[in-house]
Amino acid sequence: MSRRASSITVGGAVCIIATFGVIASAQEVSREDLLDGLTNPQRWLSYSGDYTGQRNSPLKEITTENVRRLAPRWTFQTGVLGKFETTPIVIDGILFVTGQDNHAWALDARTGRAIWHYRKPLPDLLNVCCGSVNRGFAIYRDRLYMATLDARLVALDAKTGSLIWDVDIADPERGYSATAAPLVVKDMVVVGVAGAEYGTRGFLDAYDTGTGMRRWRFWTVPEPGKPGGDTWAGDAWERGGGSTWLTGTYDPELNLIYWGTGNPGPDLLGEVRPGDNLYTDSVVALDADSGELRWYYQFTPHDTHDWDSNQVPVLADIEGESGTRKLLMLANRNGFFYTLDRTNGELLVGKPFVHTTWATEIGPDGRPILLPNNTPSAEGTFTCPDVEGATNWMSPSFNPSTGWLYVTAREACATFYAWPQEFIEGQYYFGGTYRPSGPRAYSALRAIDPLTAEVKWEFKYFTASMGGTLSTDGGLVFGGDMDGNVMAFDARTGENLWHFQTGASIWAAPITYMLDGTQYVMIPSGTTLFAFALPKE
Amino acid sequence: MIFDFVEETMRRKNARAVLASSVLALLGIGTATPQTGLVQNPMEGDPKALEQGMHMYRHRCGVCHGLDGLGYQGPDLKNGPWLHGDSDADLFRVISRGVPGSEMGPARLQEDEVWMVIAYLRSLRSSGTDQEEPGNAAAGEEIYWDKGSCEQCHRINGRGGRLGPDLSRIGAARSRTALMRELRSASEYYPPGYEPVTVLLRDGRRIAGVRKNEDTFSIQLMDVNEELHLLLKSDLLEVIHEEHSLMPDYGVEQLTDAELDDLLSYLRTLGTTAASARPVKEGSQ
């Protein structure tokens with residue numbers, strides 16, 4: 001409130017605030033709000049913006065015509081080093097942002113000024129394979145939910161950042177951690193774990209949003225005697241991996257949660273775990289109320305290249321020759337693009353979207369037709385894609401107008417080494433190593449037709465990148481690269497219309513929201529959260 | 001789920017390393033002056049630690065030091081000198097804190113993992129050889145500055161060109177094997193910041209040099225005259241990433257095996273002894 005406003009009558013003050021300020025009376029987020037997704041453009045209420053995972057905003061103030069004028073409006077400095085992979089939550093003028101090392105903030109979405117700062121202290125023991133990252137909050141009613149690096153789930157008061165409850169997801173001393181943004185479904189908060197590099201056994205959990213009590217757990221690696229248990233030998237299932245470290249999607253009509261699962265463990269040494277190793281490197285469709293498996297599709301049976309399939313499964317209903325199909329699209333780390341029927345998991349399309357040397361097609365039985373000489377070895381075995389994969393956690397986006405999925409693809413290869421390794425609980429359990437090999441790696445933003453897997457256009461990034469994408473009804477796709485560029489493209493042609501050098505690698509995907517009649521585009525980079533908008537008239 | 005460890009900012013602590021706080025204090029990390037020699041590896045001789053250390057080493061260290069420890073882009077740890085000390089405390093410090101001014105950064109391992117790596121390094125070392133390297137360093141020095149014309153592009157202790165990497169401590173940074181490979185097949189190897197590139201400008205100019213940086217929209221390069229060119233790709237017709245380094249191959253026609261031994265012998269002194277600097281000749285700058 002301004003000094004001037006505080007000096008006049010109460011009624012006048014309200015009038016002044018309405019003119020020059022904002023009453024940030026954060027409304028509670030209801031189940032309907034979450035179902036409505038991005039219909040209210042002042043909000044971005046979940047990791048992918050809505051349950052479909054499309055990351056497509058109806059906003060169109062910023063268009064192909066004016067995007068060249070996009071400029072920074074403000075920045076927020078976290079002061080915390082590491083990979084800034086978060087997707088902020090936006091509601092009624094307030095941003096809720098998580099950062100590395102269990103930090104989190106609430107920010108004034110107009111100015112970037114902090115409202116509160118939360119930090120959950122880290123324990124002394126911490127096994128995290130890939131950076132002390134966090135990918136975002138979930139929100140429901142007036143509470144925020146955050147999975148912490150030390151494998152806990154915390155509920156915070158959105159107004160103050162104060163802790164409401166704090167529950168164990170798993171034991172970090174055994175190698176578990178948590179980095180994904182949770183997903184609220186009905187009155188449950190669904191959250192996954194990381195830790196497949198430490199011989200853990202993966203699962204997906206649902207907790208009561210009110211009490212933090214666990215409602216269900218789905219083990220991604222079944223025990224002997226359960227369906228899929230026969231795809232493991234001996235006791236390998238006990239440390240079989242299959243992490244759930246990225247946020248999935250949800251179809252409320254089918255009442256199914258779709259979640260990607262990670263690599264089997266040990267990552268590169270397959271001989272100690274003969275079999276397909278279900279349900280690693282798969283997408284699983286779970287009944288939202290019970291967590292029971294309805295169907296699965298395994299992208300990489302018996303993976304030995306660390307090709308987690310945690311990528312966001314994007315849902316869309318698309319008209320085809322035989323009517324509307326309920327589809328699930330997933331550009332996979334193994335180099336293939338897949339379209340499935342999300343009612344039953346039937347494979348409809350499965351083709352490479354990058355150069356692959358381990359398989360070039362998917363057979364009629366839905367399994368990849370393998371090429372020889374791709375098993376990691378003591379001498380080293382050359383394979384494309386590399387460990388980081390053809391794509392990874394970077395979100396794709398889907399524009400219903402074009403009907404195309406926009407994917408940050410990586411063209412990269414590696415030499416994979418494997419050797420026997422004894423398992424020691426809590427210790428790193430990778431079974432080999434790798435080094436970049438082959439031609440210089442690079443990335444490309446690719447527009448993929450999900451009905452054919454045809455690449456409609458591409459824009460090459462100089463460096464292999466891990467930045468995600470955002471689609472808007474302004475006819476735009478936004479992306480970011482490893483060299484620090486945030487960029488806008490014409491969604492139909494792939495023409496680069498705007499770019500801005502942020503000065504640090506981009507590991508996250510952009511979001512957009514409306515505030516005071518202005519469309520903001522936001523992206524984390526380095527230690528900075530950037531808010532872009534068109535210049536004021 | 002793994003992502004390139006070189007790029008990583010892993011945070012790792014370990015409460016199980018009971019010795020950790022005392023070790024850190026002894027090493028002067030954060031507080032006191034290092035008292036090297038007072039710390040011993042609590043995992044020395046533990047076969048499990050040794051094996052786990054091998055996995056750690058291969059995964060975290062092998063990219064630079066070689067999976068076999070014989071050196072690749074980093075020093076030979078099996079046969080070469082351990083220049084920053086060979087006590088357990090020295091090794092702990094080097095691994096956990098890196099070597100300032102070099103390409104080696106902190107390994108970001110847990111304390112017990114560092115001890116495992118040290119246990120493995122000692123076992124690796126015990127199987128190494130202590131053979132004297134062939135060649136005459138004084139003769140190699142003459143070759144470097146005269147016949148080899150290395151100074152045209154490389155700088156040693158402030159003298160020489162800047163188009164190629166500074167070699168003032170190359171003897172400490174590279175194994176003999178790696179140096180031999182880089183001389184005999186020089187055109188096949190270039191470190192980051194020295195990638196050969198040619199750009200064609202819209203005004204018809206053609207500039208060849210080494211790339212200092214590049215992204216989708218711009219490129220920064222140093223030409224063969226050491227001039228920096230900071231260019232937008234929108235002003236260029238083409239950027240050609242050359243397949244071969246600007247440094248020529250030094251085959252047997254250019255350097256006999258004996259001369260190569262001499263040159264390697266000289267290069268191996270650089271950064272490893274206080275006397276590696278050569279006085280600047282009058283008028284030679």
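Start in chain B and select helix H8, residues 257-267: H8(B) is part of what covers the buried residues of helix H7(B). Contact here means that two C-beta atoms, placed from the backbone, lie within 7 Å. Helices (H or I, at least four residues) and strands (E, at least two) are DSSP runs, numbered from the N terminus.

This is a predicted model, in which local features need pLDDT of at least 70 and side-chain atom pairs count only at pLDDT 80 or more, while totals for chains, interfaces and linings use all residues. Residues are numbered from 1 along each chain as its sequence is written, and chains are lettered from A and ligands numbered from 1 in the order in which they are written.

**Stop 1: H7 in chain B**

Select residues 176-184. The buried residues of H7(B) are B:Arg176, B:Ala178, B:Leu179, B:Glu182 and B:Leu183. They sit on the same side of H7(B), because they cover an arc of only 160° around the axis. That arc is taken from the directions from the helix axis to the C-beta atoms. Buried means 20 or more other C-beta atoms within 10 Å of the residue's own; exposed means 12 or fewer, and partly exposed lies in between.

**Stop 2**

Axes are lines fitted to C-alpha atoms, for helices over the stretch in contact, and angles run from 0 to 180 degrees between N-to-C directions. Under 35 degrees counts as roughly parallel, over 145 as roughly antiparallel, 65 to 115 as roughly perpendicular, and the rest as oblique.

Show side chains. On H5(B), the residues in contact include B:Ala137, B:Ile143 and B:Tyr144; on H8(B), they include B:Leu263, B:Leu264 and B:Tyr266. By class, this contact has seven nonpolar, two polar and three charged residues. Ala, Val, Leu, Ile, Met, Phe, Trp, Tyr, Cys and Pro count as nonpolar, Asp, Glu, Lys and Arg as charged, and the others, Gly among them, as polar.

**Stop 3: H2 against H4**

Select residues 47-65 and 111-126 of chain B. Helices H2(B) and H4(B) pack at about 95°, with axes 7 Å apart. That makes H2(B) roughly perpendicular to H4(B). Among the residues in contact are B:Met54, B:Met56 and B:Tyr57 of H2(B), and B:Trp115, B:Met116 and B:Tyr120 of H4(B). By class, the contact has ten nonpolar, three polar and one charged residues.

Zoom out. Chain B has eight helices and seven strands. Of its 285 residues, 37% are buried.

**Stop 4: the sheet in chain A**

An open sheet of five strands runs in the order E1-E30-E31-E32-E33 (chain A), with mixed pairing. E1 and E33 (496-501) stand at the edges with a single partner strand each, so one side of each has no neighbour in the sheet. Strands pair if DSSP finds at least two bridges between them.

Select E30(A), residues 469-472. A:Thr469 and A:Ser471 point one way, A:Leu470 and A:Thr472 the other, and all are buried. In a regular strand the side chains alternate between the two faces of the sheet.

Center on A:Ser471. Its bridge partner is A:Asn56, and A:Val477 in E31(A) stands opposite A:Ser471. E1 (residues 56-57) runs parallel to E30(A), joined by two bridges. E31 (residues 476-480) runs antiparallel to E30(A), with four bridges.

Now find the turn. E30(A) and E31(A) form a hairpin with three residues between them, and A:Gly475 there has a positive phi of about 80°.

Finish at E32(A), residues 485-490. Five bridges join E32(A) to E31(A), and the two run antiparallel. A:Leu476 stands opposite A:Asp490.
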